[in-house]
Amino acid sequence: MPVSLGYRQFTAGFSLLLLSGGVGASPQQFEADLRERLGGEASAFEVAEVYEQSEATIAEDIAITYANGDVFTIKRYRVEGDYHRPDNVVIDGMAVSEAGNSQPFFSVAFIELPDASQAVPSFDEMSASDVVWKALNARDITLNLQGEAADEFFSELDSPPFEGQLHIETLTLEEVSSSAIGLFDLQGVNADFNDLESGVNSVFSLANLRIEQLTGIDTPGEESVEHAVLNGVNLSGDDWSIVLDSAWVEGNAYVGDAGFEGAFFDIGGLLPLLPPEQRQEFETFNKVLTGGSGQFGAEGRSHSRWEEEGESDRLIADGYLRLSGAAGVEYSLDLPIMLPKNVSIEQAMQTPSLFESATLQGGEVNVAYTDEGLLPRLTTEIAANDNITEAQAVSQALGQARQLEPLLGPQITKLMTGLVDIMAGHSQALTVNVALPNPFIINQFIMNPMGNTEQFTFTFELK
């Protein structure tokens, strides 16, 4: 057991939320297990009372004081059913406190562990890489970020120092391991933070975060989630705020549904909070994106699916991103794909190298850009920064696009000149259709995208 509670004891205390697993044991054995598995190298271990009641073994007022004065306390620890295979473990009033500080660094009012693996896990068992946390219900979780424990906590996370408080109303977990999460549900998150380096104060709230059946998290590229949703996000400070009504994800990196709605940004008030060397760049960004108001809304969605058709399959997708008062992009694609021999859709989705070795049998991609002031405002800022007229800025952009034609080819150059036309205010929308050749190896394009674009057929429409 480490001498200091700090970050490691916070981690161990939090892990106790996730493991425990009483008829079948005497109060004396329960007390001995608590002393051995939780006390470890503690300088003092105290428990007010240990007793049996209605097929349960109960310990009250547990206090573990470490050599540096830090204290780990549990108000009530109840093991229900068979002590060696508990039906339930209930912990009331768990807290971690620094020496000389009456306010706990970390506390949980109530923890329930259905079907716990054992009555009292050791700290080594809780931190094992192969541990599986079967189930957890917790209420009223508080993290006070101040003092030496907070400093150690942020140093372990390689994060700038903060002060403040984080509170979670409820936390529910089911079947959590290093490779998968059956259920992760947070309700009622509220936090107040003070960045000690910048002096910026902020308030954060989250109504709900729920993740169901997340797998492959230990293997990059193989992550997949049945359903994940985020609701009611609000981050704000003095004269600035970021709001998100909802966001969701279903599927994996290749197919599924993801999106967000009800996003609103009021970022103008961030300017005086930035370091002086960053303010000019931020002010330019603000003028281009919002016209100087600092406010804009956003929403977006991406949906994709596989359709099986005999020897080949089709990847069909569509989506959009809209920034109010700035611009919007919509896209769709329909790609007949022949996977490598004996490779299933599921295997291709889980193994990027298999998908990249597939052969496209034609298909098309459509992208539509609609401008609501973004590119003309960019023209204005370029002219102002270079001390030239807007007409000269447009002329320079057009000249640069044409100079790149030997490198990018005539079709990409035509795309760029279309965007320059929008910069000049002559058009407001550009639609591009790209027809792909048959056959076409995906990996060839990944290895040399510029060298393969001439195999595509582009059709442009300006409005």
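Predicted model: local features only at pLDDT ≥ 70, side-chain atom pairs only at ≥ 80, totals over all residues.

What is the volume of the largest pocket? And which residues are the closest to its centre?

Author: Happy to. Numbering starts from 1 along each chain as its sequence is written, and side-chain values use heavy atoms, with hydrogens and water left out.

The largest pocket comes out at about 620 Å³. A pocket here is an open set of points on a 1 Å grid over the protein atoms alone, where a 1.4 Å probe fits and protein lies on both sides within 12 Å along at least five of seven lines; lining residues have an atom within 4 Å of a point. The volume is the space filled by probe spheres set on those points, which are joined across faces, edges and corners.

There are 27 lining residues, and L333, L335, V365, L436 and F445 are the closest to the centre. By class, the lining has 25 nonpolar residues, 2 polar ones and no charged ones. Nonpolar covers Ala, Val, Leu, Ile, Met, Phe, Trp, Tyr, Cys and Pro, charged covers Asp, Glu, Lys and Arg, and the others, Gly among them, are polar.

Who supplies that lining? At least two residues each come from strand 13 (295-309), strand 14 (312-323), strand 15 (327-338), strand 17 (364-371), helix 11 (410-423), strand 18 (429-435) and helix 12 (442-447). Strand 15 gives the largest share, 4 residues. (Helices are DSSP runs of H or I with at least four residues, strands are E runs of at least two, and both are numbered from the N terminus.)

Helix 12 holds Q444, which is partly exposed at 43% relative accessibility; buried means under 20% relative accessible area, exposed over 50%, and partly exposed in between, with a 1.4 Å probe and protein chains only. In helix 11 you'll find T413, and with a relative accessible area of 5% T413 is buried. Beyond its neighbours within four places in sequence, T413 is in contact (heavy atoms within 4.5 Å) with A401, R402, L404 and E405. The C-alpha atoms of T413 and R402 are 6.4 Å apart, for residues 11 apart in sequence.

P439 sits in the loop between strand 18 and strand 19 (440-441). Another is N387, which has a positive phi of about 60 degrees without being a glycine. N387 is in the loop between helix 8 and helix 9 (390-403), and is exposed at 72% relative accessible area. For background, most residues other than glycine have a negative phi, and most peptide bonds are trans.

Helix 8 (residues 374-386) itself packs on helix 5 (residues 276-290) at an angle of about 145 degrees, their axes 7 Å apart. Axes are lines fitted to C-alpha atoms over the stretch in contact, and angles run from 0 to 180 degrees between N-to-C directions. T284, K287, V288, L289 and T290 of helix 5 meet L374, R377, L378, E381 and N385 of helix 8. That contact splits into 4 nonpolar, 3 polar and 3 charged residues.

Finally, the cores. A nonpolar core is a set of buried Ala, Val, Leu, Ile, Met, Phe, Trp, Tyr and Cys residues joined through side-chain atoms within 4.5 Å. The largest has 51 residues, with F30, L34, I62 and Y77 making the most contacts inside it. Strand 6 (residues 133-145) provides the largest share of this core, 6 residues. A second, separate core of 40 residues includes L315, A317, L339 and I422. Back to L34: apart from neighbours within four places in sequence, L34 touches G39, F45, A59, I62, Y77 and V120.
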